[in-house]
Amino acid sequence: MPLARVLKIIGAVCAVGLIAVGVRQGQRYYKKNLADPRSGEVVYREDCLRCHGPMGQGVAGKSDEPLLGEKSVAFLAKYIARDMPEDDPGTLSPAEALASAQYIHDAFYSAEARARNNPPRLELAHLTERQYRESVTDLLGSFRRGSSTHESGGLAAVYRGLKDGDSTNTDKNEAKFLERVDPVISFDFGTKAPAAGSRAEQFKINWSGSLLVPDTGEYDFRVTTPNGVRVYVNPPANGSEKNALIDLWVSSAMLRSGQGQVFLLGGRSYPLKVEFFKYKDKTASIKLEWRPPGGAWTVIPAENLSPKFSASVDVVSVPFPPDDASMGYERGVSVSREWTEAVAKGGLQAAALLAPHLHEYAGTTATAPDRAEKLKAFTWRFAQLAYRRPLTVEQKADLAKIFVPAVTPEIAARRAILHVLSSPHFLYPATGTQDDYAVATRLALALWDSLPDEALLKVAAQGALKTPEQVRAQAQRMQKDPRAKAKLRDFLHHWLHVEEGAEIAKDQAAYPGFDPGVVMDLRTSLDLFVEDVVWSEASDYRQLLLSDTILMNERLAKFYGQKLPEGHGFRPVKMDAAQRAGVLTHPYLLATFSYTKSTSPIHRGVFLSRNILGRMLKPPPMAIAFMDDKFDPSFTMREKVTELTAKPACQSCHITINPLGFSFERFDAVGRIRETDNAKPVNTVSPYIAADGTELTLTGARDVAVHAAESLAGQTGFVRNLFQTMVKQPTTAYSPELLSQLTERFRRDHCHVRNLAIEVAVVAALQK
Amino acid sequence: MNLQNRRDFLRKLGLSAAALPLLGGLTSLQAAEPTAAKQRVIFVFSPNGTVPSEFWPEGEGSAFKLKRILQPLAPFKDKMLTLKGVNNLVRGDGDSHMRGMSCLLTGIELFPGNIMGGGGQPAGWARGPSIDQEIRRFLQSKPATKTRMGSLEIGVSVGNRADPWTRWSYVGANQPVAPISNPYDLFDKLYGQMKESESMVSVLDGLRDDLATVSRAVDAKDRGLLDQHTTALRDLERNMKEQQTSGALIVPTSPAIGVTMENDNIPVVTKMQTELLVSAFQNDLARVATFQFSNSVGSIRMKWIGIEEGHHSLSHDPDLNTGSVEKLTKINTWFAEQIAFLAKRLQETPEPNGTGSMLDHTTIIWTNELGKGNSHALEDIPWVLIGGGLGFKTGRALKYTKTAHNRLHLALAHAFGHRLDAFGNPALCNGGPLNLG
């Protein structure tokens with residue numbers, strides 16, 4: 001058993017040491033209390049309440065911080081015995097310290113006690129930004145006969161030109177001379193034709209297919225050529241040349257670049273088309289690059305291109321103010337004017353996107369005499385999908401009221417759409433009768449952050465979303481949809497703080513060659529690894545933490561000095577199994593949680609505490625900047641952090657943070673293994689008190705990973721994180737036991753991540 | 001589509017009849033500061049050359065007689081200047097149509113490129129900015145003459161492609177500006193924001209009802225969030241109403257759907273675009289405009305005046321084909337009628353916060369990419385200037401000898417106080433600005 005091999009388990013309470021402290025510091029109560037110890041409640045009332053208040057909430061001017069947290073009774077007892085009461089520490093006997101710790105823990109300190117005293121409820125919330133965008137896109141998309149693809153591998157290319165020896169220059173004499181799939185668009189034809197069968201002077205190439213987009217955000221595109229080119233990214237159906245994102249059709253005897261930006265939703269495929277032609281220009285070349293959100297310019301890789309067609313996708317790109325994330329996950333629990341304005345603009349943009357198709361979707365034409373009726377019926381269908389349930393008589397009448405003779409039916413329809421997309425029935429999905437449609441609504445939000453699809457609404461209409469089995473069957477179906485993958489990816493990014501790494505920059509003198517290209521490749525490597533594990537058969541959470549391979553391409557292998565196995569693109573490279581531990585030692589995260597010139601055990605430790613081990617940390621009592629030049633120049637990073645956080649006020653959290661951070665000191669600020677720090681050997685060994693009070697000795701990153709993977713604390717933290725990100729409510733709002741039940745099931749199920757997601761969705765949907 | 005009157009197409013555009021009285025004294029904000037009289041310029045393009053014998057006036061100086069094509073402009077004869085002998089002398093890559101178009105306002109050569117015309121070498125975009133954009137840049141650089149948009153690039157039935165035949169306005173080398181040919185798009189650009197607030201305001205009552213309904217149904221503890229929402233909507237409404245009354249010039253409703261962008265609707269679309277241009281100037285959204293009918297080699301079919309053939313193919317017919325010459329005369333006369341309508345609308349609109357009419361502060365410059373269609377001549381390019389915007393001495397027919405049109409552009413810039421030494425190809429600027437004062 002690996003746990004036994006690496007962890008040295010120490011007794012929970014070291015009573016002897018504590019008594020010695022008591023005897024030395026506080027003779028007054030010692031004998032009396034040994035003979036007749038007071039109960040925990042009495043100790044609290046007599047010695048603690050004056051500063052901490054009756055329910056641990058604190059007393060102004062004395063102790064501002066409420067007594068709440070997730071430390072064990074044993075830990076609290078030890079702390080109380082040594083440091084409390086603050087004006088006379090060490091005066092409590094071990095028995096009284098333990099009794100008071102037990103009382104504090106059970107009365108108001110622990111999560112369970114807090115849940116009991118102030119039972120969390122399912123709070124009303126509006127759609128988050130992600131839920132809003134996904135819902136609107138699916139709503140608008142539900143009217144078009146769309147198709148999408150997730151099959152990657154390049155673009156379909158058709159080459160046409162004038163036959164060798166043809167002296168005319170008319171387009172109609174051009175003939176196809178090559179048809180193939182081009183993995184990427186990056187060609188330098190020089191003064192020659194791309195292939196035999198065409199004159200070099202005049203030829204055309206049309207590339208078409210789809211762009212597969214991993215993440216949501218602004219994508220920049222750039223095409224560079226001395227010839228004629230138009231680039232279309234997600235153009236509207238029946239669009240024309242004016243829908244080109246980049247138009248460089250007219251050449252000017254020079255190499256030039258054109259750029260354009262498009263906001264795209266992750267996890268979807270978009271039509272992509274490139275029209276290229278050469279006529280009498282001296283040379284021919286073309287390069288099509290992109291810069292994904294937070295990435296660097298790079299030729300669009302084959303993994304993000306597909307030769308298959310996709311229908312265009314209506315995306316609302318209006319910026320939104322950020323959602324509340326104070327609980328560690330995004331939720332729509334406040335309404336500002338900025339948010340209301342963003343919703344209004346989003347509605348207007350959606351209406352504008354619909355406008356050209358309005359008559360088609362409504363089954364009428366711009367001149368048909370019945371178009372008012374048809375458009376009215378269309379807005380009812382639109383509202384029904386947006387409200388996720390059949391409309392009431394009043395709702396229908398309210399929408400019909402917008403169709404007045406003073407405005408044209410088209411303007412009325414536009415206003416109706418704006419009304420629907422600004423209505424609380426759309427924006428607050430939890431309101432409405434608690435029926436099967438409500439179950440469908442919650443299920444679609446949990447799995448997709450979006451609206452129920454047609455199949456789900458049908459089952460809801462049949463009243464067949466009542467039992468866990470019925471709901472689970474739907475959840476299993478829905479998990480196969482790309483939107484489920486996009487949402488899980490969103491969770492994984494959230495869990496691993498991937499967005500924080502977007503700004504990684506390292507000192508180029510200390511880490512030469514660690515440039516934005518390497519950062520982007522690392523991010524891709526991390527994404528691919530995490531998704532490979534989660535979408536594999538086993539979908540094993542533990543593998544995320546324990547794998548000893550890192551996916552690398554040529555650039556990464558070169559930077560990290562690894563030998564790359566045969567193959568294409570990103571390939572698994574086996575690393576030092578004694579050191580490497582899955583995502584935790586992935587260079588992207590190690591670099592994210594580091595300074596530009598050095599490691600940062602504090603950043604690493606905080607991330608590990610909160611995100612990987614599920615521990616609660618309060619914000620630091622005072623902000624202390626880490627000033628590297630303020631320390632003894634011979635110090636290692638570990639010595640600096642130890643000195644900086646030595647105060648007792650710091651130690652209440654840093655006793656957890658530091659050991660975790662120190663365990664990773666064998667990895668430098670770009671994630672390479674090192675043996676020394678400031679010319680001294682790195683020291684990665686520290687004692688660590690786990691959430692349940694168990695004392696462990698951590699010897700390195702792998703010990704932390706094994707603890708996170710195998711311990712109840714680590715697994716519980718993961719389950720809680722997944723639940724909250726998917727559902728946007730705390731588990732305790734459902735029942736105090738839910739978290740432990742889900743964790744127990746997760747353990748029995750070999751820590752299967754996808755199954756966990758389904759169970760979370762079922763619980764959330766049935767709200768039981 | 002038959003257009004009844006001005007009210008009718010304003011209604012079609014979505015400018016409500018109730019808003020019309022407001023169109024007069026709208027520029028209330030500018031009224032606060034006394035400023036120098038406004039100067040505006042409109043460049044109007046029509047394609048394929050003219051019929052010289054029916055275009056150029058008889059006589060010279062102030063004693064001149066209008067021929068058939070310019071007859072519709074007779075009411076503005078004393079506000080008019082015609083310039084004969086002002087040529088497009090730019091040479092180099094591209095055929096005459098391409099150079100005619102893309103060098104017309106730029107006065108500079110085209111880059112070599114991949115667009116093949118009917119002769120000469122293939123070419124690309126112009127190598128420099130056009131005079132309208134140069135003037136725009138100058139006006140926008142000074143607070144006193146800066147406007148929200150600076151310039152408007154308006155089209156009627158411009159071909160849906162970007163090449164040297166369809167672009168005459170350039171921000172700079174290789175940077176053509178696309179005109180807006182659809183009045184609904186132009187309306188959106190000018191007044192879209194206001195129209196959007198109007199839509200939003202119209203649904204607010206319904207949203208408040210929905211919020212009240214939902215609020216009754218939720219847990220009392222959750223009502224706070226919905227109250228926040230109601231408050232935020234109220235703030236939004238106040239904000240939008242303030243916007244509408246402060247900076248707003250007209251209270252437009254949304255455009256009705258109906259006028260499609262097809263050949264037969266060109267007369268209606270022309271009127272709609274003209275009205276939008278006049279209203280934009282009235283609201284001081286811009287001081288410079290280009291108004292482009294079709295494009296070089298354009299093939300409008302003027303069925304509404306009984307001509308079935310496309311304009312461009314007619315323009316290739318020899319002079320001996322009197323039937324074609326007659327049709328070309330009618331076509332060019334129709335264009336003159338549209339210019340006359342624009343001039344009339346400016347003349348009957350009082351200058352906001354100023355004296356006289358808007359035509360007194362605006363100069364319309366009507367031109368063409370060729371002097372004559374069937375010879376593809378770049379000599380004797382038609383130049384008709386109408387209005388008092390640039391302070392030229394009008395009521396004259398002037399004749400020059402092989403004079404580069406760059407010198408006219410210099411005169412236009414100087415009239416705005418932008419004292420350029422050269423514009424376009426410097427070799428074509430010898431002699432400096434034409435003296436039109």
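This is a predicted model: local features need pLDDT of at least 70, side-chain atom pairs count only at pLDDT 80 or more; totals for chains, interfaces and linings use all residues.

**The nonpolar cores**

Let me begin with A:Val760, which, apart from neighbours within four places in sequence, is in contact with A:Ala446, A:Leu722, A:Phe723, A:Met726, A:Val727 and A:Leu742. A:Val760 belongs to the largest nonpolar core, a set of 283 residues. The residues with the most contacts inside that core are A:Val760 itself, A:Leu443, A:Ala446, A:Ala705, A:Ala761 and B:Ile339. Another core, of 20 residues, lies apart from it; A:Val73, A:Ala74, A:Phe75 and A:Ala81 are among its members. As general background, nonpolar side chains in soluble globular proteins tend to be buried together.

Next, the layout of chain A. Its domain assignment gives domain 1 as residues 12-117, domain 2 as 129-144 together with 320-477, domain 3 as 155-306, and domain 4 as 493-710. Taken over C-alpha atoms, the centres of domain 1 and domain 2 of chain A are separated by 54 Å.

I turn now to strand 9 of chain A. Why may we call this strand largely enclosed by the rest of the structure? The reason is that 10 of the 12 residues of strand 9 of chain A are buried. Its pairing involves strand 4 of chain A, residues 202-213, which runs antiparallel to strand 9 and is joined to it by 12 bridges. Within that pairing, A:Ser269 in strand 9 is the bridge partner of A:Leu212. Strand 6 of chain A, residues 228-233, is also antiparallel to strand 9, with six bridges between them. Here A:Arg230 has A:Glu275 of strand 9 as its bridge partner.

One residue of strand 4 of chain A deserves a moment, namely A:Phe203. Is A:Phe203 buried or exposed? It has 25 C-beta neighbours inside 10 Å, and the threshold for burial is 20 or more, so A:Phe203 counts as buried. Setting aside residues up to four places away in sequence, A:Phe203 touches A:Tyr159, A:Arg160, A:Gly161, A:Ala193, A:Pro194, A:Ser198 and A:Lys278. The C-alpha atom of A:Phe203 also lies 9.3 Å from that of A:Ala175, a residue 28 places away along the chain.

Let us move to the interface between the chains. There, 43 residues of chain A are in contact with 39 residues of chain B. On the chain A side, strand 9 (268-279), helix 9 (337-354), helix 13 (409-422) and helix 14 (424-427) each supply at least two residues. Which element of chain A gives the most to this side? It is helix 13 of chain A, with seven residues. By type, the chain A side divides into 15 nonpolar, 15 polar and 13 charged residues.

As for chain B, its secondary structure comes to 11 helices and 13 strands. Of its 437 residues, 52% count as buried. Considering contacts in chain B between residues at least 6 apart in sequence, 70% join residues at least 24 apart.

I close with confidence. The model scores ipTM 0.81 and pTM 0.83. Chain B has an average pLDDT of 88, and 88% of its residues score at least 70. Over residues 14-34 of chain B, however, the pLDDT is below 50, although this stretch has 39 contacts in the model beyond near neighbours in sequence. Residues 251-256 of chain B also stay under 50, with 25 contacts beyond four places in sequence.

Key. Residues are numbered from 1 along each chain as its sequence is written. Chains are lettered from A and ligands numbered from 1 in the order in which they are written. Domain bounds come from an automatic or database domain assignment. Two residues are in contact if their C-beta atoms, placed from the backbone, lie within 7 Å. Helices (H or I, at least four residues) and strands (E, at least two) are DSSP runs, numbered from the N terminus. Ala, Val, Leu, Ile, Met, Phe, Trp, Tyr, Cys and Pro count as nonpolar, Asp, Glu, Lys and Arg as charged, and the others, Gly among them, as polar. Two strands pair if DSSP finds at least two bridges between them. pLDDT is the predictor's confidence in each residue, from 0 to 100. A nonpolar core is a set of buried Ala, Val, Leu, Ile, Met, Phe, Trp, Tyr and Cys residues joined through C-beta atoms within 7 Å.
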